[in-house]
Amino acid sequence: MRILPAALLALLAFQAQAGDHVVSQKGKAFGPKKLSVQAGDSVRFVNDDPFAHNVFSLSDTKSFDLGSYGQGLAKSVLMDKPGVVEVECAVHPDMRMVIEVRK
Ligand SMILES: [Cu+2]
């Protein structure tokens, strides 16, 4: 199969852009509440509230603890393995979201 260089470049640019996803913490809620990403993508958790959140996950697919951080700050997590990642906040037990990591 022959791929034109311009088309290939466009494809590479698209993939680079698709690799980073943003999840906001606003009004004590994650937005979006469901996210589908590709294995190898990263998810950036941005605190848009005027108080601290502590985003974490105990999932087998990806367990992490970003610690407590305040307004305007963000931390990224690499989703390196396919599966389901349930994300919570240690400060606000009602905050939950699910990330599906595709192969
Ligand atoms: Cu929180």
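Strands β3 (34–38) and β9 (96–102) run in the parallel sense and pair over 5 bridges. Here, strands (E, at least two residues) are DSSP runs numbered from the N terminus, and two strands pair if DSSP finds at least two bridges between them. Strands of a sheet pair through backbone hydrogen bonds, either parallel or antiparallel.

Before going further, a word on what you are looking at. This is a predicted model, in which local features need pLDDT of at least 70 and side-chain atom pairs count only at pLDDT 80 or more, while totals for chains, interfaces and linings use all residues. Residues are numbered from 1 along each chain as its sequence is written, and side-chain values use heavy atoms, with hydrogens and water left out.

Now widen the view from that strand pair. An open sheet of 5 strands has the order β3-β9-β8-β5-β6, with mixed pairing. At its edges are β3 and β6, each of which pairs on one side only. On average, neighbouring strands in this sheet are turned by 20 degrees against each other, direction ignored; axes are lines fitted to C-alpha atoms, for helices over the stretch in contact, and angles run from 0 to 180 degrees between N-to-C directions.

Another open sheet has 4 strands in the order β2-β1-β4-β7, and its pairing is mixed too. Here β2 (29–31) and β7 are the edge strands, each pairing on one side only. The twist from one strand to the next averages 25 degrees. Within this sheet, β4 and β7 pair in the antiparallel sense over 6 bridges, and the bridge partner of Ser42 in β7 is Leu78.

Although Asp20 and Ser42 are 22 residues apart along the chain, their C-alpha atoms are separated by 5.0 Å. Their side chains are joined by a polar contact of 3.3 Å, meaning a pair of N or O atoms within 3.5 Å; within protein, one must be able to donate a hydrogen and the other to accept it, and residues adjacent in sequence count only if both atoms are side-chain atoms. Leaving aside neighbours within four places in sequence, Asp20 is in contact (heavy atoms within 4.5 Å) with Ser42 and Arg44.

With Arg44, Asp20 forms a salt bridge at 3.5 Å, N to O. The term stands for a side-chain nitrogen of Lys or Arg within 4 Å of a carboxyl oxygen of Asp or Glu, and by this rule the count comes to 3. Asp20 is partly exposed at 36% relative accessible area, and Arg44 is partly exposed at 32%. For such labels, buried means under 20% relative accessible area, exposed over 50%, and partly exposed in between (1.4 Å probe, protein chains only).

What do the side chains of Lys62 and Asp80 form? They meet in a salt bridge, at 3.5 Å from N to O. Lys62 lies in the loop between β5 (53–58) and β6, and Asp80 in the loop between β7 and β8, so the pair ties together parts that are 18 residues apart in sequence. Lys62 counts as buried at 19% relative accessibility, whereas Asp80 is partly exposed at 44%. Arg96 and Glu88 also meet in a salt bridge, at 3.3 Å; Arg96 is partly exposed at 46%, and Glu88 counts as buried at 18%.

Next, the interior. A nonpolar core is a set of buried Ala, Val, Leu, Ile, Met, Phe, Trp, Tyr and Cys residues joined through side-chain atoms within 4.5 Å. The largest one has 19 residues, of which Phe30, Phe45, Phe64, Met79, Val87 and Ile99 touch the most other members. Strands that each supply at least two residues of this core include β3, β4, β6 and β9. Beyond residues up to four places away in sequence, Phe30 touches residues including Phe45, Val55, Val87 and Met97.

Most residues other than glycine have a negative phi, and most peptide bonds are trans. Lys28, in the loop between β1 and β2, has a positive phi of about 55 degrees although it is not a glycine. The peptide bond from Gly31 to Pro32 is cis, with omega near 0 degrees, and Pro32 is found in the loop between β2 and β3.
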